[in-house]
Amino acid sequence: MFDLCAEGPGRSWRVFAVLTVRTALPMGPKESTGFDIYAHDARQFTPGPALAAIRRAAYRGSRAGRP
């Protein structure tokens, strides 16, 4: 289980959700799907436009560097 937390201006960190992973994917250590929010996104959870341009370039570079 993972606690998902957030912090706001003048507020301390607080748990807003709990993520529970029940079944691991049947993959070996060299068979990672990798984390790439643009290749495998949940449409409602994409970053805002200011951050998106920077992150898109970073993920593109990361994909290019993978075997």
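**The nonpolar surface patch**

Reply: In this predicted model, a nonpolar patch on the surface is formed by Phe2, Leu4, Phe16, Leu19 and Val21. Together these residues have about 480 Å² of accessible area. Two elements each supply at least two residues of the patch: strand 1, spanning 2–6, and strand 2, spanning 14–19. Phe2, one of the patch residues, has its place in strand 1.

The patch may next be set against the fold. The chain contains two strands and one helix, and their order along the sequence is β-β-α. The helix, helix 1, comprises residues 49–65.

As for the surface as a whole, the accessible area of the chain comes to about 6,000 Å². Carbon and sulfur atoms account for 60% of that surface. Of the 67 residues in the chain, 7% count as buried. Among contacts with a separation of 6 or more, 13% are between residues 24 or more positions apart.

Strand 1, which supplies at least two residues of the patch, has the highest mean pLDDT among the elements of the chain, at 92. Helix 1 has the lowest, at 80. For the chain, the mean pLDDT is 78, and 72% of the residues reach 70 or more.

Definitions and conventions:
Residues are numbered from 1 along each chain as its sequence is written. This is a predicted model: local features need pLDDT of at least 70, side-chain atom pairs count only at pLDDT 80 or more; totals for chains, interfaces and linings use all residues. Side-chain values use heavy atoms; hydrogens and water are left out. Patches are made of residues with over 30% relative accessible area and no salt bridge: like charges are joined within 9 Å, nonpolar side chains (Val, Leu, Ile, Met, Phe, Trp, Tyr) within 5 Å. Accessible areas come from the Shrake-Rupley method with a 1.4 Å probe; for residues, only the protein chains shown count as cover. A salt bridge is a side-chain nitrogen of Lys or Arg within 4 Å of a carboxyl oxygen of Asp or Glu. Helices (H or I, at least four residues) and strands (E, at least two) are DSSP runs, numbered from the N terminus. Buried means under 20% relative accessible area, exposed over 50%, partly exposed in between (1.4 Å probe, protein chains only). Contact means heavy atoms within 4.5 Å. pLDDT is the predictor's confidence in each residue, from 0 to 100.
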